Amino acid sequence: MRIRGLSLLISFLMVSLIVSAEEAPAANMSAAEQAATTVCAACHGADGNGVIALNPKLAGQHSDYLAKQLHDFKAGKRANAVMSGMAANLSDDDIKGLANYFAKQTPTLGKAKSNGNGSLGEKIYRGGIAATNVPACAACHGANGEGLPKRFPRLSGQHADYTAQQLKTFRTGERANAPMMQVISTKMTDAEMQAVADYIQGLR
């Protein structure tokens, strides 16, 4: 009940900020920037480079991917109590504006804790896991983790804790808005997920 109440409150604040910004003079912040630097900033940072490891960095992410995730939260295709509440009252224009704002921000670089060159994480990212038919992450997300607009998200520099968590939710079916990742994750162990997530955090 507390989570539901919090998500409703955040949703209300989000809508209020967007309405206020839309009524403001053109010289002021856009509605998207106003919302991003106030409401979204609490979890993701004003520029999308949040430091909370279980929340994703949004800076530099492809706008099409960000928009899809917001639409999926709104439609219930991706489960998350807080984000579902945040997206519930966003219009298509609101979603487009937020996606474009964060896509234009410069992502900060990260560092792997232990999975650098020659590590298990690098081997999985660049070559997959032959024994269990796990494809190389680089095949879809790029050699440097840059991703492919409209198809695959940018991964480089993403928080390792967030990446590992998402792999686990794909495996359990809690997150079901990317069928390919659901299949891949069922073939990975926790240790393999953590290793590749750590490598991705330092990828650049």
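Trainee: Where is the place of asparagine 133?
Mentor: Asparagine 133 sits in the loop between α6 and α7 (138-141). Keep in mind that this is a predicted model.

Trainee: What makes asparagine 133 exposed?
Mentor: Exposed means over 50% relative accessible area. Asparagine 133 has 58%, so the residue is exposed. Its phi is positive, about 60°, although asparagine 133 is not a glycine.

Trainee: Which loop holds lysine 150, and why is lysine 150 called exposed?
Mentor: Lysine 150 lies in the loop between α7 and α8. Its relative accessible area is 71%, and the cut-off is over 50%, so lysine 150 is exposed. Lysine 150 also has a positive phi, about 75°, although it is not a glycine.

Trainee: Why is alanine 143 called partly exposed?
Mentor: The relative accessible area of alanine 143 is 40%. Buried requires under 20% and exposed requires over 50%, so a value in between counts as partly exposed. Alanine 143 is found in the loop between α7 and α8.

Trainee: Which residues does alanine 143 touch, not counting residues up to four places away in sequence?
Mentor: Alanine 143 touches Tyr125, Arg126, Ala138 and Leu203. A touch here means heavy atoms within 4.5 Å. From alanine 143 to tyrosine 125 the C-alpha to C-alpha distance is 8.6 Å, with the two residues 18 apart in sequence.

Trainee: What makes tyrosine 125 and tyrosine 199 an aromatic pair, and why is the pair called tilted?
Mentor: By this rule the count comes to 2 aromatic pairs. In the pair of tyrosine 125 and tyrosine 199, the rings are 5.7 Å centre to centre, with 45° between the planes. Centres within 6.5 Å make a pair; planes under 30 degrees apart would be stacked and over 60 edge-to-face, so the rest are tilted. The pair links distant parts of the chain, with tyrosine 125 in helix α6 and tyrosine 199 in helix α10, 74 residues apart. Tyrosine 125 and tyrosine 199 are buried.

Trainee: Why is the pair of tyrosine 101 and phenylalanine 102 called edge-to-face?
Mentor: The ring centres of tyrosine 101 and phenylalanine 102 are 5.1 Å apart and the planes stand at 75°. Tyrosine 101 and phenylalanine 102 are buried.

Trainee: How do you know that the length of α3 agrees with what a helix should span?
Mentor: At 1.5 Å a residue, the 13 residues of α3 should span 18 Å, and the end C-alpha atoms are 18 Å apart, so the two agree. Glycine 76 follows α3 and has a positive phi, near 80°.

Trainee: Which residues of α3 are buried, and what do they pack against?
Mentor: They are Leu66, Ala67, Gln69, Leu70, Asp72 and Phe73. The helices they pack against are α4 and α5.

Trainee: What makes a set of residues a nonpolar core, and which residues have the most contacts inside the largest nonpolar core?
Mentor: The largest nonpolar core has 19 residues, and Leu70, Leu90, Leu98 and Phe102 have the most contacts inside it. At least two residues of this core come from each of α2 (31-44), α3 (63-75), α4 (81-87) and α5 (92-103). A second, separate core has 14 residues, including Ile129, Val134, Met193 and Leu203.

Trainee: What makes α10 mostly covered?
Mentor: Of the 12 residues of α10, 9 are buried; among them are Met193, Val196 and Ile200. The buried residues of α10 pack against α6 (120-127), α8 (160-172) and α9 (179-185). From first C-alpha to last, α10 (residues 190-201) reaches 17 Å, close to the 16 Å expected.

Trainee: How many helices and strands are in the protein, and what share of its residues is buried?
Mentor: There are 10 helices and 0 strands. Buried residues make up 44% of the 204 residues. Among contacts between residues at least 6 apart in sequence, 64% join residues at least 24 apart.

Notes. Residues are numbered from 1 along each chain as its sequence is written. This is a predicted model: local features need pLDDT of at least 70, side-chain atom pairs count only at pLDDT 80 or more; totals for chains, interfaces and linings use all residues. Side-chain values use heavy atoms; hydrogens and water are left out. Helices (H or I, at least four residues) and strands (E, at least two) are DSSP runs, numbered from the N terminus. The expected span of a helix is 1.5 Å times one less than its number of residues. Buried means under 20% relative accessible area, exposed over 50%, partly exposed in between (1.4 Å probe, protein chains only). A nonpolar core is a set of buried Ala, Val, Leu, Ile, Met, Phe, Trp, Tyr and Cys residues joined through side-chain atoms within 4.5 Å. Rings of Phe, Tyr and Trp (its six-membered ring) pair if their centres lie within 6.5 Å; planes under 30 degrees apart count as stacked, over 60 as edge-to-face and the rest as tilted.
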